[in-house]
Amino acid sequence: MLNIKNLTISHAEKTLFAGLSLAVDRGEIVTITGVSGSGKSTLLNWMIGDLDLSFSATGTLWLDDLQCDTLPIEARHMGLLFQDDLLFPHLSVGQNLAFALPGKLRGAKARRQRVEQTLANIGLAGFHDRDPATLSGGQRARVSLMRTLLAEPSALLLDEPFSKLDAVLRTQFRAFVFEQIERQRIPTLLVTHDPADVPAGGRVIEISDWQHSHV
Amino acid sequence: MAQTLRLALERALPQFPYRRVRLTWQWLAALPVLLIFGPLLPGLYWALSPAIEPLVWQRLWLDAQWPQALRSTLISSFLGTVLACGMSALLATLHYPGRLWMSLHKRLPLLLSVPHAAFAVGLFFLIAPSGWLARAIALFAQWVIPPDWVTVQDAYGFSLALALAIKESWFLLWVLAAVLGEQAISRQMVMARSLGYNRTQAWLHILWPQLLPRLKWPVMAVLAYGLSVVDMAIILGPSTPPTLAVLIWRWLTDPDPALQARGSAASLILLIVLLACVWGVHGLGNLLKQHQPYPGGQRKPTANGRGLPLHTPLFGTGYAVVAVLLLWSVAQTWFFPALLPDAVSLVSWQLAEWEPFWTTLWLAVAASVLCLPSVLIWLEWGPKRLNALLYLPLIAPALPLVAGQYATLLHLHLDGTAIALVWSHLLWVLPYMVLTLIGPYRTFDSRLMISARALGYSPWRACLAVKWPTLIRPILATLAVGFAVSVAQYLPTLFAGGGRFVTVTTEAVALSAGGNRRVLAVQALLQIVLPMAAFGLAAFASRWLGRQRRGLR
């Protein structure tokens with residue numbers, strides 16, 4: 001379970017939001033919406049551990065019983081997905097996935113097999129040695145999500161992950177992401193400004209709820 | 001939308017051969033640049049053709065000074081480059097991303113504006129046997145006379161290597177900071193870390209493999225500089241024999257044609273060494289790429305070591321250099337073990353020779369102001385494919401180029417004139433200015449120009465009324481860079497000026513052979529003051545403009 005307790009973030013005397021508390025269960029997708037500039041991305045950056053130094057934050061972040069907000073990015077086990085796929089351009093498609101695969105699976109051969117299996121599962125069999133730059137937008141988005149999931153994160157943070165895809169692709173990829181999250185039972189926070197991105201029956205939180213009345 | 005608008009515009013123009021006009025424009029735009037680069041080609045032929053004779057090479061081979069000169073040149077340039085790369089890479093790996101990296105980044109421009117010659121003089125005052133460092137040790141070791149050690153002008157060129165390493169590591173850090181400022185790169189760091197890798201691992205597996213190919217040319221520029229540096233080598237390098245670059249410079253300026261030919265041949269050797277390195281680095285890069293192991297997925301715990309104050313000596317040296325120059329310039333008497341002057345006075349400043357200062361000032365203003373329109377016209381209409389050619393003076397050893405310039409000037413009977421002097425500086429001022437402005441020029445929002453043209457402005461008037469005024473802040477910075485580059489020039493001033501023009505740079509180097517540290521310190525400080533004033537002025541004007549129009553970047 002992902003838990004934010006009593007979070008306040010401010011920037012140069014100005015409070016972005018105050019007293020934000022939120023719990024996300026395993027396999028649940030909570031959507032955060034708000035107009036641009038409302039601090040959605042700042043919230044995500046704080047959770048990742050990459051808050052810009054000009055911001056100050058109080059509050060705690062918990063993954064089950066582990067307090068995360070004091071840990072460096074690499075110790076938080078937060079999986080990320082942005083609107084840009086951010087595949088590493090100097091590695092092949094398969095190497096990108098192998099980079100995420102946990103180290104407990106040893107041996108180049110076994111690792112490669114696992115990566116090829118993953119690629120086949122998402123309809124990209126035979127793409128192991130391809131240059132990521134030669135993939136279509138939809139293909140890159142799928143590889144990017146699988147890379148995040150292969151690292152076995154304890155929580156997922158999705159920052160407008162569908163906004164750069166065209167309408168048809170968007171619907172397909174959205175369904176693909178939700179299906180994968182459901183299967184792996186990961187608590188997920190989705191940031192979007194598009195109401196169509198909200199999963200059916202999912203909880204929606206408007207960030208402005210913490211902005212004026214509660215300050 | 002931009003595409004549609006542009007097409008509509010092109011269609012709206014009267015029916016004339018648009019393509020041919022554009023081609024003519026390209027060549028017209030390249031004209032100022034051709035004027036700067038063109039005369040160099042016959043000059044290079046005249047200067048380097050004496051080296052075709054096999055006998056010249058034989059004589060060079062038998063020259064008594066040349067093996068040792070080559071040795072100290074190779075040691076100083078390679079060691080300097082390797083250390084500079086190592087230090088900047090270590091600092092980046094340890095501190096990026098973080099608060100300390102940002103503060104390092106902010107302090108870099110100040111250090112970068114210290115010219116090479118002034119830095120060498122200051123470093124000499126620091127590390128010489130009677131320098132500040134020895135005085136600090138003397139406090140504890142109870143020395144009363146300077147130790148009998150060779151800490152500067154050593155036969156192997158180690159002190160020169162140290163100077164190059166420190167000075168160039170600032171430059172490489174600055175290049176690294178520019179690349180790391182790109183969002184695509186900084187977000188990959190976050191992505192790699194979110195997958196569980198610590199910062200060092202992310203650097204090793206993700207950032208370095210991508211950054212190294214991009215850093216290849218800046219590093220080659222550092223190496224080329226070290227191979228052919230003369231001003232720093234005279235101040236800090238060995239003297240009998242000097243480094244190869246200094247030897248070449250002496251040969252080239254010798255009245256004896258046989259020695260001039262030997263100088264041409266030896267300057268070709270510098271070029272060959274550089275080309276061999278470019279080729280070697282290229283091969284090494286390919287080898288590394290082929291032998292990349294399959295990602296093993298081993299995550300290491302967060303490393304500690306970020307607290308190491310490794311940057312302190314590197315940045316501290318820069319401040320100490322300026323401080324010791326300031327102290328010497330006001331010192332009346334300053335005997336050995338004393339850490340501070342025994343008596344201070346402004347006599348050295350009152351008696352200072354100001355002519356080099358004014359010469360440097362008008363020369364640098366002329367060079368940067370003349371270059372600016374060429375740079376703007378080139379960036380707007382010039383053939384973009386040829387940008388790489390412009391950068392050649394930055395990555396080639398300066399000596400053959402300067403010799404070529406000089407040969408041209410001799411043939412035109414222009415050596416020793418002010419025009420020749422300004423022209424000789426442009427060859428280095430122009431590429432640095434293009435390099436500074438090209439980034440902001442590329443990120444300029446082209447829709448602004450399309451809007452202006454849609455309002456009926458011609459391309460030329462749209463540039464004058466919209467594009468260049470919008471880019472005024474980067475243009476000011478570019479002018480300051482051009483000014484600073486001109487101030488730091490040593491070899492072109494000596495050759496093209498024919499000894500008739502003395503700048504603060506040539507004066508500081510000439511004074512370094514004498515024993516008067518006070519006079520030397522004053523000239524070195526004047527050399528530092530000029531570029532700093534230019535950068536300060538540009539920053540001030542830029543801030544003021546920024547306050548008037550907050551949309552200007």
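Modeller: Domain bounds in this predicted model come from an automatic or database domain assignment. On that basis chain B is divided into domain 1, covering 1-11 + 19-37 + 348-553, and domain 2, covering 66-247 + 312-345.

Colleague: How far apart do the C-alpha centres of domain 1 of chain B and domain 2 of chain B lie?

Modeller: The separation of these C-alpha centres is 26 Å. Residues count as being in contact if their C-beta atoms, placed from the backbone, lie within 7 Å. The contact between the two domains takes 29 residues from domain 1 of chain B and 28 residues from domain 2 of chain B.

Colleague: Which elements of chain B each supply at least two residues of the side of domain 1 that touches domain 2?

Modeller: They are α16 (347-350), α19 (392-395), α20 (398-411), α24 (472-488), α26 (504-512) and α27 (517-548) of chain B. The largest share, twelve residues, comes from α27(B). By class, this side of domain 1 of chain B has 23 nonpolar, four polar and two charged residues.

Colleague: Turning to chain A, how many helices and strands are there?

Modeller: Chain A has five helices and nine strands. From the N terminus on, its elements run β-β-β-α-β-β-β-α-α-α-β-α-β-β.

Colleague: Why is chain A called as compact as a globular protein of that length?

Modeller: The globule rule is 2.2 Å times the number of residues to the power 0.38. For 215 residues the rule gives 17 Å, and the radius of gyration of chain A is 18 Å, which is close to that value; chain A is therefore as compact as a globular protein of that length. Along the principal axes, the C-alpha atoms of chain A fill a box of roughly 55 × 35 × 30 Å.

Colleague: What percentage of the 215 residues of chain A count as buried?

Modeller: A residue is buried if 20 or more other C-beta atoms lie within 10 Å of its own. In chain A, 38% of the 215 residues count as buried. Among contacts in chain A between residues at least 6 apart in sequence, 72% join residues at least 24 apart.

Colleague: How many residues of chain A are in contact with chain B, and which element gives the most to that side?

Modeller: In chain A, 26 residues are in contact with 22 residues of chain B. Two or more residues of that side of chain A come from each of β6 (78-81), α2 (93-100) and α3 (108-121) of chain A. The element giving the most is α2(A), with four residues. The residues on this side of chain A divide into 18 nonpolar, four polar and four charged.

How values were computed: Residues numbered from 1 in each chain as written. Chains lettered and ligands numbered in written order. Predicted model: local features only at pLDDT ≥ 70, side-chain atom pairs only at ≥ 80, totals over all residues. Nonpolar A, V, L, I, M, F, W, Y, C, P; charged D, E, K, R; others polar. Buried ≥ 20, exposed ≤ 12 C-beta atoms within 10 Å, placed from the backbone.
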